[in-house]
Amino acid sequence: MSLLERLNNDMKQAMKNKEKDKLSVIRMVKSALQNEAIKLGKTLTEDEELTVLSRELKQRKDSLQEFEKAGRTDLVDKVKEEITVLELYMPKQLSEEELVQIVKETIAEVGASSKADIGKVMGAIMPKVKGKADGSLVNKLVQQHLS
């Protein structure tokens, strides 16, 4: 089942169950996917859909940090709910052990030996973990293994 079909089914279910918050997040994701499809002028591939989902999730996480800093607990709760709904559509996240293994393999593939090679390693590793791991965590692990 494609992501759009899942979203449509979940949207119908959310309407039936009168889940307003979930419904608004699903509509927002559908809208973002449709806007991206219009922008690119074609139907989206799974990778492109994943990119849009990741972007939306990252925006929510950034907002969450800002709201927490500002002490806006009302908005923090709302954004946490949105993040929970968005994560339902993301692929299963890699564990830190799996990530460490991928980082080590990629460093060996690229032949990186110092912190100056972080860009090469990140360039090679991000397509492998796209949507399955947070970029900042990957970056932190790469830095640890190169220092």
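Trainee: How do α5 and α7 lie to each other, oblique or roughly parallel?
Mentor: Oblique. The axes of helix α5 (residues 96-110) and α7 cross at roughly 55° and come within 10 Å. Angles under 35 degrees count as roughly parallel, over 145 as roughly antiparallel, 65 to 115 as roughly perpendicular, and the rest as oblique. This is a predicted model, by the way: local features need pLDDT of at least 70, side-chain atom pairs count only at pLDDT 80 or more, and totals for chains, interfaces and linings use all residues. Residues are numbered from 1 along each chain as its sequence is written, and side-chain values use heavy atoms, with hydrogens and water left out.

Trainee: Which way do α5 and α7 cross, left-handed or right-handed?
Mentor: Right-handed. A crossing is right-handed if the near helix is turned clockwise from the far one by less than a right angle, and left-handed if anticlockwise.

Trainee: And what about α6 and α7, at what angle do the axes cross?
Mentor: Roughly 135°, and those axes come within 10 Å. That makes α6 oblique to α7. The crossing of α6 and α7 is right-handed. Axes here are lines fitted to C-alpha atoms, for helices over the stretch in contact, and angles run from 0 to 180 degrees between N-to-C directions.

Trainee: OK, back to the start of the chain. How do α1 and α2 pack?
Mentor: At an angle of about 155°, with axes 9 Å apart; α2 covers residues 20-40. So α1 is roughly antiparallel to α2. The crossing of α1 and α2 is left-handed.

Trainee: How many helices and strands are there in the protein chain?
Mentor: 7 helices and 0 strands. Both are DSSP runs numbered from the N terminus: helices are H or I with at least four residues, strands are E with at least two.

Trainee: Changing topic: what domains is the chain divided into?
Mentor: Domain 1 (1-86) and domain 2 (94-143), with bounds from an automatic or database domain assignment. Their centres, taken over C-alpha atoms, are 27 Å apart. The C-alpha atoms of the whole chain fill a box of roughly 55 × 40 × 25 Å along the principal axes.

Trainee: Why does the largest pocket lie between the domains?
Mentor: Because domain 1 and domain 2 both give residues to its lining. A pocket is an open set of points on a 1 Å grid over the protein atoms alone, where a 1.4 Å probe fits, with protein on both sides within 12 Å along at least five of seven lines; lining residues have an atom within 4 Å of a point.

Trainee: How much space lies in the largest pocket?
Mentor: About 520 Å³. Of its 21 lining residues, S54, K58, A133, D134 and G135 are the closest to the centre. α3 (46-70), α6 (118-129) and α7 (135-146) are the elements that give two or more residues to that lining, and α3 gives the most, with 8.

Key: Points joined across faces, edges and corners; volume = space filled by probe spheres on them.
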